[in-house]
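Here are a few notes from my pass through this one. Have the model open while you read.

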Amino acid sequence: MGEKGERTKKMIREQAAALFAQKGFSMVTMKDICEATGLSRGGLYRHYENTAGIFEEIFLEMATENENLIDRRIKEQIPAMEILKEEMKFLKEEMLNSEQSLSYPIYEYANTVSRDLFEKLNEQGYQKWERLMAYGVSRGEFRKENTAAVITMILYAYQGIRMWSRVINIPEQAAEDYENCIIQLLQNGCRTAGTK
């Protein structure tokens, strides 16, 4: 596919992401996406067969970009705490901008189409955080103690807050508290059952 085709696909994904955030996954049709993009049905179907294919590409692209950014920052030897704060800023923005959140569409997609994609993305997210934590430990910025528990806390608390932000207003302080707790866990470790 040429450069023009890639630009068109990117525009489709951007417009579709806004629609999914607004309406949810199951309520968005290919017709809606045609209207939002200004493409004919044939023009849209030239690039994507269905809304699920568009939704999957949106998430694969987001996950890849985020992973590449963190890996690049590690390779550049940026302090782990600085990388963490950049990542936390991104997470806080997602938590507080519920109108742009794709958390509910993710839930719908996983329950109506397939959970496989999000199980894969969750595993990639776990590995990304594992690399960042190992890097922070190697620099003496983070403690090694119970990294699995900390990663689980990071991933699942974040997803819970994102989902709740669709139904209640999350105060900015809650997002700040989340960030501060994660930083403290990484700097001080996390005691769980069986640790002394």
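1. The largest pocket comes to about 1400 Å³ in volume. Keep in mind that this is a predicted model.

2. Who sits around the middle of that pocket? Its lining counts 45 residues, and the closest to the centre are F59, M62, I106, Q159 and R162. By type, the lining splits into 21 nonpolar, 11 polar and 13 charged residues.

3. On the helices involved: α1 (3-23), α4, α5, α6 (103-112), α7 (116-138) and α8 each put at least two residues into the lining of the largest pocket.

4. Helix α5 (residues 80-96) and helix α8 (residues 147-164) have axes that come within 8 Å and cross at roughly 30°. Angles under 35 degrees count as roughly parallel, so α5 is roughly parallel to α8. From α5 the contact uses L91, E94 and M95, and from α8 it uses Y158, I161 and R162. Sorted by type, that contact has four nonpolar residues, no polar ones and two charged ones.

5. Last, an arginine to check. R73 belongs to helix α4 (residues 51-75). Is R73 buried or exposed? Its relative accessibility is 17%, and the cut-off for buried is under 20%, so R73 counts as buried. Setting aside neighbours within four places in sequence, R73 contacts I78, E82, I83 and E86.

Methods: Residues numbered from 1 in each chain as written. Predicted model: local features only at pLDDT ≥ 70, side-chain atom pairs only at ≥ 80, totals over all residues. Heavy atoms only, no water. Axes fitted to C-alpha atoms, helices over the stretch in contact; angles between N-to-C directions. Helix = DSSP H or I, 4+ residues; strand = E, 2+ residues; numbered from the N terminus. Parallel < 35°, antiparallel > 145°, perpendicular 65-115°, else oblique. Contact = heavy atoms within 4.5 Å. Nonpolar A, V, L, I, M, F, W, Y, C, P; charged D, E, K, R; others polar. Buried < 20%, exposed > 50% of the residue type's maximum accessible area, 1.4 Å probe, protein only. 1 Å grid on protein atoms, 1.4 Å probe; cavity = no way out; pocket = protein on both sides within 12 Å on 5 of 7 lines; lining within 4 Å. Points joined across faces, edges and corners; volume = space filled by probe spheres on them.
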